[in-house]
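Walk me through this structure, please. I would like to follow the contacts that join its parts.

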Amino acid sequence: ELCVRYIDTRGTFSYRQYMLQEKFGFRCHCDVCRLGVDESSDRRRSRMATLAYEVEESQDLSEKLQMIEELLALYDEEGLHDRSFRLWAYQAAKSQGCDK
């Protein structure tokens, strides 16, 4: 099975569907999108997007690591096992000297 990520999958259901329709002219029918609106999932995905931004902006190492841990837990809860997200989290931690 070939999976292509056209947009940031951390967005809410409505956001993902809107962006795919506007940018690429189709509605997604993947397993997750077929479930429709799920408020719990939307809250987790919104939190993931917020955390990703905050990790980049934070100057506090301890705070940054806590955010990365929360972000990775949310990825697991949502079943987002895309390696690029985990690689991004690893690189964010490593850039702060957390690879020791």
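A salt bridge is a side-chain nitrogen of Lys or Arg within 4 Å of a carboxyl oxygen of Asp or Glu. This is a predicted model, in which local features need pLDDT of at least 70, side-chain atom pairs count only at pLDDT 80 or more, and totals for chains, interfaces and linings use all residues. Residues are numbered from 1 along each chain as its sequence is written, and side-chain values use heavy atoms, with hydrogens and water left out.

Start with the charged pairs. The salt-bridge rule gives a count of six. One of them joins Arg-47 to Glu-70, with the closest N and O atoms 2.9 Å apart. Arg-47 sits in helix H3 and Glu-70 in helix H4, so this pair ties together parts that are 23 residues apart in sequence. Helices here are DSSP runs (H or I, at least four residues), as strands are (E, at least two), numbered from the N terminus. Arg-47 is partly exposed at 32%. Glu-70 is also partly exposed, at 31%.

Now take a second bridge. Arg-44 pairs with Glu-78, and their closest N and O atoms are 2.5 Å apart. This pair too links distant parts of the chain: Arg-44 belongs to helix H3 (residues 39–57) and Glu-78 to helix H4, 34 residues apart. Glu-78 has a relative accessible area of 12%, so it is buried.

Arg-10 is buried at 13%. Asp-8 is partly exposed at 31%.

Next, the rings. Rings of Phe, Tyr and Trp (its six-membered ring) pair if their centres lie within 6.5 Å; planes under 30 degrees apart count as stacked, over 60 as edge-to-face and the rest as tilted. The count by this rule is two aromatic pairs. In one of them, the ring centres of Tyr-6 and Phe-26 are 5.3 Å apart and the planes meet at 70°, so the pair is edge-to-face. Tyr-6 lies in the segment before helix H1 (13–24), and Phe-26 in the loop between H1 and helix H2 (31–34), so the contact ties together parts 20 residues apart in sequence. Tyr-6 is partly exposed at 43%. Phe-26 is partly exposed at 29%. Ring pairs link Tyr-6, Phe-24 and Phe-26 into a cluster.

Turn to helix H5 (residues 83–94). The expected span of a helix is 1.5 Å times one less than its number of residues. For the twelve residues of H5 that gives 16 Å, and the end C-alpha atoms are 16 Å apart, which agrees. Which residues of H5 are buried? They are Phe-85, Ala-89, Ala-92 and Ala-93. These residues cover an arc of only 95° around the axis, which puts them on the same side of H5. The arc is that of the directions from the helix axis to the C-beta atoms. The buried residues of H5 pack against H3 and H4, where contact means heavy atoms within 4.5 Å.

Methods: Buried < 20%, exposed > 50% of the residue type's maximum accessible area, 1.4 Å probe, protein only.
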